[in-house]
Structure formats: C-alpha cells, structure tokens
Amino acid sequence: MSKVKTLLKNLGPGLLFASMAIGTSHLVLSTKAGAQYGWLMVIPIVLANILKYPFFEFGIRYTNVTGKSLIEGYLNRGRGYLWLYALITLITTFTILAALYVVTSGLFINLFKIPDVPVSIVALGLFVFIGTLLIIGRYKFLETSLKFVISILFVALIVTTALVVFNGKVASVPDFRPPEIFNEVGILFLIGLVGWMPTAVEASSWVSLWSLEKFKLTGKKLSLGEALQEFNSGYIMTALFAVFFLVIGWMTLYGTNTEISGNAIIFADQLVNLFTSNIGSWAYIFIAVSAFATMFSTCMTAHDAVARVSVDIVELLFLKDRAFPRKRYFTIGVIALAVINFIVISAFGANMGQLVALATFVSFVLAPVVGYMNLKNVMSSDLPESARPRRRLQLLTYTGIIFLSLFAVYYCWIVLF
C-alpha cells in the first residue's frame, strides 16, 4: 500500500506523457486500425510500444541522473545534433499541434451541436483558452488537472470496453472481404499507426523537460528507480488504452464496411456513436465529454511541451551566455505556436486526415534518428557507467532503430517505385 501511495505522490512526467499520448494515436488511429483491419492490428500496436520504449525511457534516465534535459545532451554531443533536433521540432511544430487541435475542435462541435461553426474558429477559441491556461497555470496546473482527467478516462474506457466485449462482435455484412494490409494503402496506414504509437519519438525530450519542471516544483529529486517506476506506470497505461480503443473499433465496426471519416466533425460523431451504440443513448453526453476532455488534455500537454522545447533550443543555440527570461520566452512560445498552427488549420480546413497523415509520416521517418541521438546521450560520459542502460535495453534500442529504419526504407521504395 505504501508503494502505491508513493507512486501516486510521484505522478508527474509519466502522467503527462500518458495524457499527451492518449490522443490522436489512440482515439483516431487505434480505433481505425480495429475498425478497418481487425484484431491483427494489435501486433503492430504492441510492437511499436515495446520497440519505442527505450527512446522515451532515456529521456527520464538522462535527466534524472544529470539534472539536464535531453536537449542539453544533444548540444553536449555537438551543435550538429542540436541543429538536427531543432529542424525536427520545426517540422513537427507545423503538423502535430494542428492535427490535435483539429480533432479536438471536431469533438467540440459535435458535443455542442454547432455544425455551422467552422473548425478553424473553434480551434482559435481553443488556442486562446489553452494558451491562457498554460501561461497563467504553468506546470503545476497541468499536472493537477490531468490527474482528474486521466482517472475519469481510465474508468470510462474500461467500462466501455467491457460492455463492448460483453455485447459481442457486430455481424459482418454479406460478402465482406477484409482489406489488404500489405498493399500501398495498408503500408501507409501502418506507417501512420507506428509513427504515432504511442506518440512521436521526439516527445522523449518533452518528458525530459517535464521531469526538470517536476523537480523545480517539489524541490525533491527522485531516485532513478522511483522516476522510472512513475514513467513506466504512465507508459503501460498508454499501451493498454491503445489496445482498448482497437478492441472497440474491431468489435463495433470491423466487417461492416464503415469507413472512418477524414473530416473532423463527421469523425467526432462516428467516434461518440461507437460508444453509445454499445452502452445506450443515455451515455451520449458522458462519452462526448470524456472524448473531448481526452483530446483537450492532449492539446494542452503537447502545446506546453513544444513551447518548452522551442524555448530550450533557442536558449542553447543563441542565448546560452546571456540573461534569459525563461518565463517571458515561454509565454511568447505559447502564443507563437497558437498563431502558426491556426494558420495551418485555416489552410487545411476540416480535413483532419491530411494533417494526421503528414504529422505521422514525419514522426515515423525521423523516429530512428531521434532514437539514436537519445542512445548516444545515455551511453555518453555524462552518465556514470552504473546509471547507463543495461545490455538488454541497449539491444532493444538497436532492434527498434533497425526495425523503424527498414520500415521507412520500404515505404520510400513503395512510393518511388
């Protein structure tokens, strides 16, 4: 019991990781995987979570031992490493947040039954509201509010999955033929799924920065074992949620020839109806609010993280030897990200599919690069040998890098030839 109490007290970076990850990759991609390709898609989901685990774990390990962020570690390896990560951050800045806010806006429009309001206008309202919360509340508000959101979602999702399984799988339409997985369309979907499952690998530095904020807030540094235990609890939760969403999609849509829409508003309606059709119409408002809260918290954590990363990169590359008003730059970063991504959303309209496809492709292609950079950090002289990952974790890391690299090469071969 004391161990559970200690874990709950230490919840922080792992909780934020779970909140950030349980968004588009789960609500959209896991549900779609089950709906279109069936239970077999549990294999790439589980594989992605296992093979990517070291990349994220290294963010906690490096920061806990050195007291520095992964981004500072990149600079220690050489300015070229940091410039490469800056480029990756720049690319994701124009895709990930926009994709998250589009999905959240669709859920908001569906929840409040305002189909005539453009997605871009709702997104603008969310940018203003979330930006204000981040600027005023900062890390402490983020951590406290997410404890409630994740707890509610966890209970709601377990109950819903249990009811779906109890009701049994929906009957297939006559002459149903399952879609091919290993054709161009299937491979593209797998790339999207693996690219954002459990989330983009560049988010490893986000976890690293949240660890530093947790330490500043509490003034207490956890042992490496405690820090990894807290992170692992959040990581395991994200993997379970992904499987739950896949089961719901498989049990309720697979075999019906129903396609998940790329339009944010239509998708939101499909998603909520997935749950209510198995629980009852009485649960509509509960499910709609839970789904919106999930994506809202994801937007908030991702917006906070990208702003922190951007500020860190600017400081290390250009302002390292000068007085650096971090709070002021964080505020500027939050506002700049809102403006940039509002422009992106206005250009793409309500077509969530294009945004998600672009964001997941970028994450997929760059995943082995970031994974290798993280490995270089934790195997460097910055860490004493006793704190470096053991041989089994190193082997898992190399396996993940090779697997993702080969998959990326295969994708390029399909596209080019």
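## Basis

The model is predicted: local features need pLDDT of at least 70, side-chain atom pairs count only at pLDDT 80 or more, and totals for chains, interfaces and linings use all residues. Residues are numbered from 1 along each chain as its sequence is written, and side-chain values use heavy atoms, with hydrogens and water left out.

## Salt bridges

The structure holds 4 salt bridges. A salt bridge here is a side-chain nitrogen of Lys or Arg within 4 Å of a carboxyl oxygen of Asp or Glu. Helices are DSSP runs (H or I, at least four residues), numbered from the N terminus. Buried means under 20% relative accessible area, exposed over 50%, and partly exposed in between (1.4 Å probe, protein chains only).

Glu57 and Arg61 are both buried. Another bridge pairs Arg77 with Asp382; the closest N and O atoms are 3.1 Å apart. Arg77 lies in helix 5 (residues 70–77) and Asp382 in the loop between helix 15 (352–378) and helix 16 (391–416), so this pair ties together parts that are 305 residues apart in sequence. Arg77 is partly exposed, at 21% relative accessible area. Asp382 is also partly exposed, at 25%.

Asp304 bridges to Arg308, the closest N and O atoms being 2.7 Å apart. The two are 4 residues apart in helix 13 (residues 284–318), about one helical turn. An α-helix has 3.6 residues a turn, so residues three or four places apart point the same way. Asp304 is buried, with a relative accessible area of 0%. Arg308 counts as buried at 11%. Salt bridges link Glu213, Asp304 and Arg308 in a network.

Glu213 is one of the buried residues of helix 10. This helix (residues 204–218) has 15 residues and reaches 22 Å from its first C-alpha to its last, close to the 21 Å expected at 1.5 Å a residue. The expected span is 1.5 Å times one less than the number of residues.

The largest nonpolar core has 130 residues, and Met41 and Trp206 have the most contacts inside it. Helix 13 gives the largest share of this core, 17 residues. Such a core is a set of buried Ala, Val, Leu, Ile, Met, Phe, Trp, Tyr and Cys residues joined through side-chain atoms within 4.5 Å. Leaving out residues up to four places away in sequence, Trp206 touches (heavy atoms within 4.5 Å) Met20, Tyr85, Ala302, Ala305, Val306 and Val309.

Leu82 lies in helix 6 (residues 79–93). It counts as buried at 0% relative accessibility. Its C-alpha is 7.6 Å from that of Ile313, 231 residues away along the chain. Beyond four places in sequence, Leu82 touches Ile71, Tyr74, Leu75, Ile313, Leu316 and Leu317.

Leu90 is also found in helix 6. Leu90 is partly exposed, at 48%. A nonpolar surface patch of about 460 Å² is made by Leu84, Leu87, Leu90, Ile91, Phe94 and Val369. Patch residues have over 30% relative accessible area and no salt bridge, with nonpolar side chains (Val, Leu, Ile, Met, Phe, Trp, Tyr) joined within 5 Å. Areas come from the Shrake-Rupley method with a 1.4 Å probe. Helix 6 supplies the largest share of the patch, 4 residues.

Methods
Patches are made of residues with over 30% relative accessible area and no salt bridge: like charges are joined within 9 Å, nonpolar side chains (Val, Leu, Ile, Met, Phe, Trp, Tyr) within 5 Å.
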